[in-house]
Amino acid sequence: RHERDAVIAHLSEVASDAVPADQDEVPGTGRAVACGLAALPEDLDGPVVVTSGDVPLLDTATLKELLAQHHERGDAVTLLTTELEDPTGYGRVVREADGTVSAAQRAIREINAGVYVFDAAHLRTALATLGTDNDQGEVYLTDVVAHAHRAGRSTSALVATDHWLVEGCNDRA
């Protein structure tokens, strides 16, 4: 919402067919995606690519590779990950888990880069089940991955070998 009018004006110049969407007061990445999905046609089918707005070095080749893996495997969710020497503060990717936090889990270096490909139907269904009953009071997009896993749907992760492709930034410097 920050400088929304300027963003919308620029968007209309560079991508006149883009559909802008605003997140309401409900916080969280899952809610942001739900608001964006609601602005699209209800019968939208196929893959939906979701990226974070703060990964300026993410390239087309990586997105194409992520989308190709999604198609090849028939995933409900395909996420982009990377490995970091110090993953402190990032959401870890646990490939097989029983739900408990252990020293082994904290030692995981593979992190969620916040870039996904979702099957539109699964995304719509899963988002409808999410709530804000968590420590942050937010709707977590990562819960869509857990939803797919619980439903027995295929999920996978593509590891970006160059972590700079998904390095986030939070200021203009």
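The legends below describe close-up views of a predicted model. Residues are numbered from 1 along each chain as its sequence is written, and side-chain values use heavy atoms, without hydrogens and water. Local features need pLDDT of at least 70 and side-chain atom pairs pLDDT 80 or more, whereas totals for chains, interfaces and linings use all residues.

**View A. The largest nonpolar core has 21 residues.** A nonpolar core is a set of buried Ala, Val, Leu, Ile, Met, Phe, Trp, Tyr and Cys residues joined through side-chain atoms within 4.5 Å; buried means under 20% relative accessible area with a 1.4 Å probe, protein chains only. Val-77, Tyr-116, Phe-118, Leu-123, Leu-127, Leu-141 and Val-144 touch the most other members. Elements giving two or more residues include α2 (29-38), β3 (110-119), α5 (120-127) and α6 (142-150). The most come from α5, which gives four. Helices (H or I, at least four residues) and strands (E, at least two) are DSSP runs, numbered from the N terminus.

**View B. Surroundings of Phe-118.** Beyond four places in sequence, its contacts (heavy atoms within 4.5 Å) include Gly-46, Pro-47, His-70, Val-77, Leu-141 and Val-144.

**View C. An open sheet of four strands, ordered β1-β3-β2-β4.** Pairing, which requires at least two DSSP bridges between two strands, is mixed. Because β1 and β4 (155-160) stand at the edges with a single partner strand each, one side of each lacks a neighbour in the sheet.

**View D. The pairing of β2 with β4.** These strands run parallel and are joined by six bridges. Leu-80 is opposite Leu-158 of β4.

Key:
Buried means under 20% relative accessible area, exposed over 50%, partly exposed in between (1.4 Å probe, protein chains only).
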